[in-house]
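Colleague: I am new to this structure. Please show me how to read its features, one at a time.

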Amino acid sequence: MTVRQPRAWHSPETRGAVEARGHSWHRFYLLAGASSILFVVLLIVALVLDFLAPPPVHGGAATLEFIAANKANYVAEQILWILPNILPVLVFAALFVALSVFDRSLALVALIFGALPWALLLAVPVTSRGSLNLVYLSDRFVAAGSDDERRAYSIAAEAIIAENNTPAVAGVLSAFGIFLMGLAMLKGTAVFPRYLPWLGIATGALGVASEILRHAVPGFYWGYGVLLWAWFIGAGIALIRLPVRAARRQEPANRDFGP
């Protein structure tokens, strides 16, 4: 009876299996890689809009008045904070497919913790820099015919602003998912850049701390944001290159040398 030996992480057989999978999943990898880079680009655009006209983070009446005076910019910014959250789901799913050859269990756990919070954020009415719900309240606030009506809409806005400034559990879980994906990538350095796992571990660890201490130590959050963008760009480039590497590896075998 022969005993099957476990396949080494960096063995030619494992590398070939991953690259063959890269060839069969090449469209998905390309889409996920492009989505990862697009995710960062859209968030940068949202940040530029926020810099040009920063919305108030306190005061219901002041916020509603600001929205009334900057509605187009405010709505565009909120959409850019919300809609791109679907893109990381594709990224984590593609990383799971690529890394499941090395450690399917860890890659699956990283997928759940990493992708699910981003999907859930689509259902959350706040973005940490505002909310589309405030646009409706702003319209009603401006059209109100009495101080009592305006006060009521202002109080409703304060409730949304309070939720907006409360650290979200989804943010902590998403950062933990990046940390776990970094751990999974440590076993997949045969096909991913060696810096990417450590970047993911550092990003996830700082992200968990910064999400919990967002208001106590805001400097952590800015550092996490920079690392987060760097990780998504690195992951996107790696995913785009994965099917290209598989195609190059298989090209000699498919070449026609004639009869």
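Modeller: Start with handedness. A crossing is left-handed if the near helix is turned anticlockwise from the far one by less than a right angle. Keep in mind that this is a predicted model.

Colleague: In which hand does H2 pass H5?

Modeller: The crossing is left-handed. H2 covers residues 26-52 and H5 covers residues 87-121. They pack at an angle of about 40°, with their axes 13 Å apart. That makes H2 oblique to H5.

Colleague: Which residues of H2 and H5 meet?

Modeller: From H2, they include Phe28, Leu31, Phe39 and Leu42. From H5, they include Leu90, Val91, Val97 and Trp118. The residues of this contact divide into 16 nonpolar, 2 polar and no charged.

Colleague: And the core? What is the general idea?

Modeller: In soluble globular proteins, nonpolar side chains tend to be buried together. Here the largest nonpolar core has 44 residues. Phe92, Phe192, Trp231 and Phe232 touch the most other members. H5 gives the largest share, 16 residues.

Colleague: What is phenylalanine 92 in contact with, leaving aside its neighbours within four places in sequence?

Modeller: Its contacts include Leu111, Trp118, Met181, Trp231 and Phe232. A second, separate core has 14 residues, among them Ala53, Ile67, Tyr74 and Ala157.

Colleague: Is tryptophan 229 buried or partly exposed?

Modeller: Buried means under 20% relative accessible area. Tryptophan 229 has 23%, so it is partly exposed. Tryptophan 229 lies in helix H10, residues 218-254. Tryptophan 229 and valine 41 are 188 residues apart in sequence. In space they are 9.0 Å apart, C-alpha to C-alpha. Beyond its neighbours within four places in sequence, tryptophan 229 is in contact with Val40, Leu43, Ile44 and Leu47.

Note on methods: Residues numbered from 1 in each chain as written. Predicted model: local features only at pLDDT ≥ 70, side-chain atom pairs only at ≥ 80, totals over all residues. Heavy atoms only, no water. Axes fitted to C-alpha atoms, helices over the stretch in contact; angles between N-to-C directions. Helix = DSSP H or I, 4+ residues; strand = E, 2+ residues; numbered from the N terminus. Parallel < 35°, antiparallel > 145°, perpendicular 65-115°, else oblique. Contact = heavy atoms within 4.5 Å. Nonpolar A, V, L, I, M, F, W, Y, C, P; charged D, E, K, R; others polar. Buried < 20%, exposed > 50% of the residue type's maximum accessible area, 1.4 Å probe, protein only. Core = buried A, V, L, I, M, F, W, Y, C linked by side-chain atoms within 4.5 Å.
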